Amino acid sequence: MFLCGCGKNNEIVYVLANDSYRCEDFDVIKEKMVVLINRARAQSRNCGYKIYTPAGQVTWNPTLARAALDHSVDMATADFVSHSGSDGSHVDERVEELDYSWTSVGENISAGRESSEEVVAAWLLSPEHCENVMRASFTEIGGACFHNKDTKNKTYWTVVFASPDEGALKRANLRE
């Protein structure tokens with residue numbers, strides 16, 4: 001498949017369709033994920049057989065984004081798709097390793113998709129992933145995509161959802 005258009009001086013420009021499945025830039029993912037997830041959370045939604053009412057908005061957290069990137073890199077490097085890391089770790093352990101104290105935590109992953117829109121749309125069609133998007137207890141997210149052209153899926157996406165442990169934050173601030 002290819003697209004054709006006119007360039008400068010009306011010459012015809014042919015552009016081959018992108019079949020390499022590249023990731024969007026980090027700043028684009030950061031902006032789009034918050035908007036797309038908050039848009040989904042703003043309305044009632046059926047996630048499988050569960051009905052969710054609108055949930056509050058989430059905000060971006062750079063620590064959660066780091067945990068998401070680490071997991072996406074792990075999946076892309078070892079060519080696998082799983083919530084368990086290549087070392088057997090799970091999302092709760094990965095965020096705690098980065099000193100994020102949480103009261104609730106979850107993770108959505110995807111592979112082989114090229115845009116944030118595609119990823120979020122797919123999650124909303126999956127009952128378990130949709131539940132994470134709609135879970136009112138989650139107040140923060142961080143997401144990332146990592147590309148490895150030498151793997152089956154090419155792109156590996158992770159979004160980490162969490163709610164910070166406010167008590168732990170207050171205790172840490174008191175010690176300072």
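Author: Arg66 has a relative accessible area of 46% and is classed as partly exposed. This is a predicted model, and the values below are computed from it.

Reader: Why is Arg66 called partly exposed?

Author: Exposed requires over 50% and buried under 20%. Arg66 has 46%, so it is partly exposed.

Reader: What makes Asp70 and Arg66 a salt bridge?

Author: The criterion is a side-chain nitrogen of Lys or Arg within 4 Å of a carboxyl oxygen of Asp or Glu. The closest N and O atoms of Asp70 and Arg66 are 2.8 Å apart, so the pair meets the definition. Both residues lie in helix 2, four residues apart, which is about one turn of the helix. An α-helix has 3.6 residues a turn, so residues three or four places apart point the same way.

Reader: How many salt bridges does a search of the whole structure find?

Author: The search finds seven. One of them joins Arg94 and Glu107, with an N to O distance of 2.7 Å. This pair links distant parts of the chain: Arg94 is in helix 3 and Glu107 is in strand 6, 13 residues apart.

Reader: How do you know that Arg94 is buried, and that Glu107 is buried?

Author: Buried means under 20% relative accessible area. Arg94 has 11%, so it is buried. Glu107 has 6% and is therefore buried as well.

Reader: What makes Asp87, Glu93, Glu96 and Glu97 a patch of negative charge?

Author: Asp and Glu count as negative. Membership in a patch needs over 30% relative accessible area and no salt bridge, and like charges are joined within 9 Å. Asp87, Glu93, Glu96 and Glu97 gather in such a patch on the surface. Glu97, for example, has a relative accessible area of 68% and is exposed. Glu97 lies in helix 3, which covers residues 91-97.

Reader: What does His129 touch, not counting residues up to four places away in sequence?

Author: His129, which is found in helix 5, touches His83, Asn108, Ile109 and Trp123 under that condition. The C-alpha atoms of His129 and Ser110 are separated by 9.9 Å, and these two residues are 19 apart along the chain.

Reader: What is said of phi in Asp79 and in Asp99?

Author: Phi of Asp79 is near 55 degrees, a positive value in a residue other than glycine. Asp79 sits in the loop between helix 2 and helix 3. Phi of Asp99 is near 65 degrees, again positive in a residue other than glycine. Asp99 is in the loop between helix 3 and strand 6.

Reader: Why is Asp79 called partly exposed, and Asp99 exposed?

Author: The cut-off for exposed is over 50%. Asp99 has a relative accessible area of 71%, so it is exposed. Asp79 has 38% and is therefore partly exposed.

Reader: What share of the chain is buried, and how many helices and strands are there?

Author: Buried residues make up 41% of the 176 residues. The chain has six helices and eight strands. Among contacts between residues at least 6 apart in sequence, 69% join residues at least 24 apart. The chain exposes about 10100 Å², with carbon and sulfur atoms supplying 52% of it.

Note on methods
Residues numbered from 1 in each chain as written. Predicted model: local features only at pLDDT ≥ 70, side-chain atom pairs only at ≥ 80, totals over all residues. Heavy atoms only, no water. Patch = residues over 30% accessible without salt bridge, like charges linked within 9 Å, V, L, I, M, F, W, Y side chains within 5 Å. Areas by Shrake-Rupley, 256 points an atom, 1.4 Å probe, with all protein chains shown as cover. Charge placed at Lys NZ, Arg CZ, Asp CG, Glu CD. Helix = DSSP H or I, 4+ residues; strand = E, 2+ residues; numbered from the N terminus. Buried < 20%, exposed > 50% of the residue type's maximum accessible area, 1.4 Å probe, protein only. Contact = heavy atoms within 4.5 Å.
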